[in-house]
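Have a look at the fold and the aromatic side chains as you read.

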Amino acid sequence: MKKTLFFLFVMLGSLFVAKAQLNLYLTDFETYTVGTRLATQAGSPWTTWSIAPGGAEDPFVSSTQAHSGTKSVNVLNANDCVFQLFDKTTGRYNIEWYMYVESGKLGYFNFL
């Protein structure tokens, strides 16, 4: 009886084993050049709302603030950077980032 119960618990436990996580995209901006626009140097999947990398919508890579490492992206009022998800229209995805907003300022992001 004990062997049967142990076997059943092992079988039930195997049903709840988590699947391995697959990172579709991961960056910390450390490979990019400070003072250069993000979408210009990173390329796809980064672009701008008008699909015009290098223009005023394209934010600069900065070394002023960073969560880890020394670089980040400084998004200002005129910037409208876009991270394209392409064919990811169904399923479950986990999207994470760190966003620094100065005291007294507002921050904004959206998903379309």
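1. Let's start with Phe-83, which sits in strand β4 (residues 81-83); strands here are DSSP runs of E of at least two residues, helices are H or I runs of at least four, and both are numbered from the N terminus. With 31% relative accessibility, Phe-83 counts as partly exposed, the class between buried (under 20% relative accessible area) and exposed (over 50%), using a 1.4 Å probe and protein chains only.

2. Some ground rules before going on. This is a predicted model, where local features need pLDDT of at least 70 and side-chain atom pairs count only at pLDDT 80 or more, while totals for chains, interfaces and linings use all residues. Residues are numbered from 1 along each chain as its sequence is written, and side-chain values use heavy atoms, with hydrogens and water left out.

3. The overall layout: the protein chain has two helices and four strands, in the order α-α-β-β-β-β. Of its 112 residues, 15% count as buried.

4. Which residues make up the largest nonpolar core? Six do: Phe-29, Tyr-32, Leu-38, Ala-39, Trp-46 and Val-61. Such a core is a set of buried Ala, Val, Leu, Ile, Met, Phe, Trp, Tyr and Cys residues joined through side-chain atoms within 4.5 Å. Leaving aside residues up to four places away in sequence, Ala-39 touches Trp-46, Thr-47, Pro-53 and Asp-58 (contact means heavy atoms within 4.5 Å).

5. Now the aromatics. The whole structure holds seven aromatic pairs, meaning rings of Phe, Tyr and Trp (its six-membered ring) with centres within 6.5 Å; planes under 30 degrees apart are stacked, over 60 edge-to-face and the rest tilted. The rings of Phe-29 and Trp-46 have centres 6.2 Å apart and planes at 50°, so this pair is tilted. Phe-29 is in the loop between α1 (2-15) and α2 (38-42) and Trp-46 in strand β1 (residues 46-48), so the pair ties together parts 17 residues apart in sequence. Both Phe-29 and Trp-46 are buried.

6. Compare Trp-97 and Phe-109: their ring centres are 4.8 Å apart with planes at 85°, so the pair is edge-to-face. Both Trp-97 and Phe-109 are in the segment after β4, 12 residues apart. Trp-97 is partly exposed at 40% relative accessibility, and Phe-109 is partly exposed at 48%.

7. Back to Phe-83 to finish: ring pairs link Tyr-25, Phe-29, Tyr-32, Trp-46 and Phe-83 into a cluster.
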